[in-house]
Amino acid sequence: EAMRRAFESRRAVMVNGLNEIPGVRCRMPEGAFYAFADCRGLYGLDWNGKKIASDEDVAFWLLEEAHVAAVPGGAFGAPGYVRFSYATNEERIRKGISAIKDAVVRATPRG
């Protein structure tokens with residue numbers, strides 16, 4: 001029961017945090033230890049002189065810019081989505097979410 005509650009809390013931290021990031025939308029998963037986030041709202045951000053245009057671009061960009069590992073959703077039949085694991089402690093989840101937010105702010109075109 002304690003582990004179920006811990007993962008329920010981690011899931012909430014992950015999903016709520018992802019939904020606070022401009023360009024990202026995530027529904028509450030019903031099981032497992034993964035959240036699938038719709039990251040198509042990040043398409044068009046600048047990354048090394050080119051525009052992010054796919055879930056693969058998003059995953060590689062997050063690894064390089066935010067040091068957050070994620071898996072492109074196309075590998076699971078969900079192009080445009082990225083899979084995040086919440087099988088870690090809440091502190092690491094919060095740090096990851098914060099790093100993603102910072103990367104999005106840095107990449108957001110200013111005009």
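Four strands make up an open sheet in the order β1-β2-β6-β5, with antiparallel pairing; strands pair if DSSP finds at least two bridges between them. β1 (25-26) and β5 (71-72) stand at the edges with a single partner strand each, so one side of each has no neighbour in the sheet. Between β5 and β6, which run antiparallel, there are two bridges, and valine 71 has arginine 83 in β6 as its bridge partner. The model is predicted: local features need pLDDT of at least 70 and side-chain atom pairs pLDDT 80 or more, whereas totals for chains, interfaces and linings use all residues. Residues are numbered from 1 along each chain, and side-chain values use heavy atoms, without hydrogens and water.

Helix α1 (residues 2-19) packs with helix α3 (residues 90-107) at an angle of about 10°, the axes being 10 Å apart. The two helices are therefore roughly parallel, a term for angles under 35 degrees. Contact (heavy atoms within 4.5 Å) involves Ser9, Arg10, Val13, Met14, Gly17 and Leu18 of α1 and Glu90, Ile93, Arg94, Ile97 and Lys101 of α3.

Leucine 42 touches Pro22, Gly23, Val24, Ile52, Val58, Trp61 and Val104, residues up to four places away in sequence not being counted.

Notes. Axes fitted to C-alpha atoms, helices over the stretch in contact; angles between N-to-C directions. Parallel < 35°, antiparallel > 145°, perpendicular 65-115°, else oblique.
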